[in-house]
Amino acid sequence: MSVILVTGGSGTAGREVVARLLEDEHEVRILSRRSRDEGERLPVRWFTGDLRTGSGLGPAMAGVDAVVHCATTGGRGDITATRRLIGAAREAGAPHLVYISIVGVDRVAGFPYYGAKLECERLVEESGLPWTILRATQFHALITRFVRAQRLLPAVFTLGGGVRLQPVEAAEVGRRLAELACGEPLMGRAADMAGPEIRSAEELTREAVRAEGLHRPVVPLRLPAKSFHAVRDGALLSPEHADGRVSFEEFLAHH
Ligand SMILES: NC(=O)c1ccc[n+]([C@@H]2O[C@H](COP(=O)([O-])OP(=O)(O)OC[C@H]3O[C@@H](n4cnc5c(N)ncnc54)[C@H](OP(=O)(O)O)[C@@H]3O)[C@@H](O)[C@H]2O)c1
């Protein structure tokens, strides 16, 4: 049994990592900005902290064997957050750091979030800690999240121009992250994790709109040229690692 801290353990990927680690009877800690009653619903220890300021990191990190870093600020704040996490991990005796990144972060220019993720990968690689990075494609839940975020608009906007995605089930990514956290540090990237099918973003969005019961037109938008060419040429795909088993339809049917 290992002691494992999951940052972002309340989020889409982190929740799944926590569930897998608990199945294997590890001692699981979750770092969250919001305080919770000890053991709320799950048999885990919640630690209140903020990666952007570094508050609460020391106690959360003390005595852990591994950290699965799933927290994201959704922007360039991830760089500061990752830097602070690495600093706290170094002080806590250098646990194995497992970081979740995105397929194509090094191939698409012009997405500030991807630039931040790439910089975080570099920080992890140069951290001096034992480390492993897993890149995954877009989660199924991301597509429905985008659709829900637009539910009050007269139309649902999506990536047009034939952009293709290879969405993967977050639970399968969570399982892979949990396995990596319990294994030897790879000191490198694990094989990418991608979903079973490559589909156009427009088609996936239409399905999600239907599943949400929204009666809205779907409007494809073109990305700026700089990003578009790379994405159109498959920068977000990993056909050689189509290891996910759950299709988007199966995901929609269960959510
Ligand atoms: N979504 C995708 O399609 C996708 C695909 C590939 C890779 N990824 C990567 O997977 C990771 C997780 O993504 P996700 O979609 O699961 O994220 P998410 O559902 O948006 O969850 C974000 C998590 O980050 C935590 N968080 C945010 N700011 C924080 C801060 N300042 N200090 C501490 N915790 C903070 C939140 O916890 P509290 O609110 O409890 O504080 C929350 O649990 C990200 O690194 C993302 O880049 C995502």
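**Around the ligand**

Visitor: How far does a backbone N or O atom of Gly-8 lie from an oxygen atom of the ligand?
Guide: This is a predicted model, where local features need pLDDT of at least 70, side-chain atom pairs count only at pLDDT 80 or more, and totals for chains, interfaces and linings use all residues. Residues are numbered from 1 along each chain as its sequence is written, and side-chain values use heavy atoms, with hydrogens and water left out. A polar contact is a pair of N or O atoms within 3.5 Å (within protein, one must be able to donate a hydrogen and the other to accept it, and residues adjacent in sequence count only if both atoms are side-chain atoms). For Gly-8, the distance from that backbone atom to the ligand oxygen is 3.4 Å.

Visitor: What is the distance for a backbone N or O atom of Ala-13?
Guide: Thr-72 has a polar backbone atom 3.1 Å from an oxygen atom of the ligand. For the backbone atom of Ala-13, the distance to a ligand oxygen is 2.8 Å.

Visitor: How much of the ligand's accessible area does the protein cover?
Guide: Accessible areas come from the Shrake-Rupley method with a 1.4 Å probe, and for residues only the protein chains shown count as cover. On its own the ligand has 910 Å², and the protein's share of cover is 89%.

Visitor: Which element gives the most to the shell around the ligand?
Guide: Helices (H or I, at least four residues) and strands (E, at least two) are DSSP runs, numbered from the N terminus. At least two shell residues each come from α1 (12-23), β5 (96-102), α4 (112-125) and α5 (140-149). With three residues, the top contributor is β5.
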